[in-house]
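Q: Here is a model I would like to look at with you. Please take one part and go through it closely.

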Amino acid sequence: MCGIQVLVARSEDEFDDTQWGRLTTANSRRGPDAHNELTIQAAQATIRLGAHVLHLRGHQTQVQPIVDQDSGDILCWNGEVFDGLDVGDQNDGLLLMAEIQRQNMEVFSRIEGPYAFVFLDRAHSRLWFARDYLGRRSLLMKQGGALVITSVADSVEGWIELSANKIFCMDLSSFTITVHERQGIPKVSQAIDHSLVMDVECSSLGNFLEISRWQPMIDQFKHELMSAIATRVASIPYREAHQTRVGLLFSGGVDCITIAALLTKILPQSEPIELFNVAFENPRLATQCSDAPDRKTGLQGWQELCQIDPLRPWRFVEVDVPYRDVIEHQDHIRQLLVPSNSVMDMSIGMALWFASRGHGKLVCKDQSTPYVGKSRVLLLGMGADEQLGGYSRHRSAWDSGGWERLGSEIDLDVQRIATRNLGRDDRVISDNSKEARFPFLAANVVKFLSQTPLHYKMDMRYPRGIGEKLLLRLLAYQLGLVQASTLAKRAIQFGARTAKMQSGKSRGQDML
């Protein structure tokens with residue numbers, strides 16, 4: 001992972017050294033393992049490039065920006081290549097540099113994984129920059145006296161998040177920017193076999209498993225999701241023996257616990273898995289951290305995981321956040337959100353920042369000890385709700401227009417994943433020198449779910465806790481997660497109690 005910062009101007013006189021210093025400070029928290037800066041001339045432009053590296057791939061830390069000594073081309077790479085390029089245990093940034101020089105931007109239609117990049121083509125005096133088509137990594141832009149490109153902002157005003165379905169190119173002679181469209185997310189299948197829906201009594205998820213047509217679909221979903229998880233943890237280097245490399249932001253809900261139950265089938269048995277469960281003191285509700293709904297379901301989920309794999313060292317970490325800590329860090333978190341700026345952004349960002357920081361108590365039976373998380377990679381369940389019908393608006397769409405309206409709403413949600421909040425989440429989580437990875441948004445999982453007929457993924461004729469995310473619930477149930485498989489969706493800001501901490505009158509869409 002990397003923090004990227006780039007300034008492009010007609011001369012060094014247009015550089016704002018104070019701003020550059022702020023950007024350096026902000027990006028350094030994303031990548032504490034290596035940092036380098038370059039200032040070069042290209043055509044009519046003076047360009048300053050900086051990169052900050054979090055080492056998560058290869059045997060040695062690769063310093064960035066990456067410079068090709070023969071051509072003078074420069075790459076700032078914040079990403080992971082999980083498919084489309086044979087990386088093995090090498091550094092993907094070095095291999096990608098060579099592929100870009102061979103194929104130019106065509107390589108980005110072939111590789112799969114989260115990324116943001118800036119590439120300087122010296123021979124043609126062009127600066128290319130973009131994010132992956134799902135927007136899983138942050139890249140912001142600001143235009144004024146100079147063009148500024150960065151992973152995280154240094155101020156509030158003027159920043160825009162780059163559209164994820166485009167690749168941008170600046171001509172360094174004319175300073176004009178052209179935009180190149182590219183292929184986005186596959187359309188969601190609207191297929192419905194009305195003869196197959198509502199053929200099961202809803203007393204238990206186990207009833208579905210008695211019908212033979214369900215098992216092949218569950219097996220294929222398990223295969224695709226498990227493959228995505230395995231790919232996302234395979235390349236993480238060990239820094240010490242028996243080191244904890246992977247953690248989850250863990251509410252105990254069906255999304256994250258299913259990832260955990262599959263992850264334990266992949267990692268070596270002796271390797272610990274960290275489960276970070278965040279909960280807040282809420283003065284408006286006069287509640288303590290132990291009262292938060294996510295704390296209760298998290299403990300329940302941890303116990304279920306211990307039952308299905310009792311030999312795994314599960315590390316359940318209670319991240320308790322007193323209100324004084326909220327006051328202390330809220331301005332910093334608000335800056336990380338930029339350009340996102342709503343009350344809901346703050347509520348979610350607060351939960352993600354404290355959870356990913358991982359400062360809490362390690363729970364073991366009836367005792368707990370102070371603990372700081374050690375994993376640098378965090379697996380999150382983002383993308384499951386959009387694809388599997390997890391939001392309340394999906395049930396509302398069903399109520400108002402049946403399968404047709406529900407299918408349209410799912411397709412709309414899937415198509416706008418890239419325009420929603422993944423860049424925000426990356427900025428918040430990466431500030432703690434952690435990298436978020438999203439198995440539900442792996443290309444193979446998205447493709448499988450997009451092609452799967454709607455009635456296999458969800459059926460709103462069944463009540464909450466069964467009908468939404470039905471396919472995922474059946475997989476969880478079959479993995480032995482009987483309690484978690486029927487938990488209804490609860491947004492993180494309500495489960496962790498970050499919503500409306502001071503006033504009950506504020507609404508999520510209100511601006512900060």
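Which does Thr452 count as, buried or exposed? Please then go on to the packing of helix 5 and helix 6.

A: Happy to! This is a predicted model, where local features need pLDDT of at least 70 and side-chain atom pairs pLDDT 80 or more, while totals for chains, interfaces and linings use all residues. Residues are numbered from 1 along each chain as its sequence is written, and side-chain values use heavy atoms, without hydrogens and water.

Thr452 counts as buried because its relative accessibility is 2% (buried is under 20% relative accessible area, with a 1.4 Å probe and protein chains only). Thr452 sits in the loop that links helix 12 (443-451) to helix 13 (454-457); helices are DSSP runs of H or I with at least four residues, strands runs of E with at least two, both numbered from the N terminus. Beyond neighbours within four places in sequence, Thr452 contacts Ser189, Met217 and Lys457 (heavy atoms within 4.5 Å).

Now the helix pair: the axes of helix 5 (residues 254-263) and helix 6 (residues 293-308) come within 11 Å and cross at roughly 20°. Axes are lines fitted to C-alpha atoms, for helices over the stretch in contact, with angles from 0 to 180 degrees between N-to-C directions. The two helices are therefore roughly parallel (under 35 degrees). Ile257, Ala260 and Ala261 of helix 5 meet Gly301, Glu304, Leu305 and Ile308 of helix 6.

Terms used:
Buried < 20%, exposed > 50% of the residue type's maximum accessible area, 1.4 Å probe, protein only. Parallel < 35°, antiparallel > 145°, perpendicular 65-115°, else oblique.
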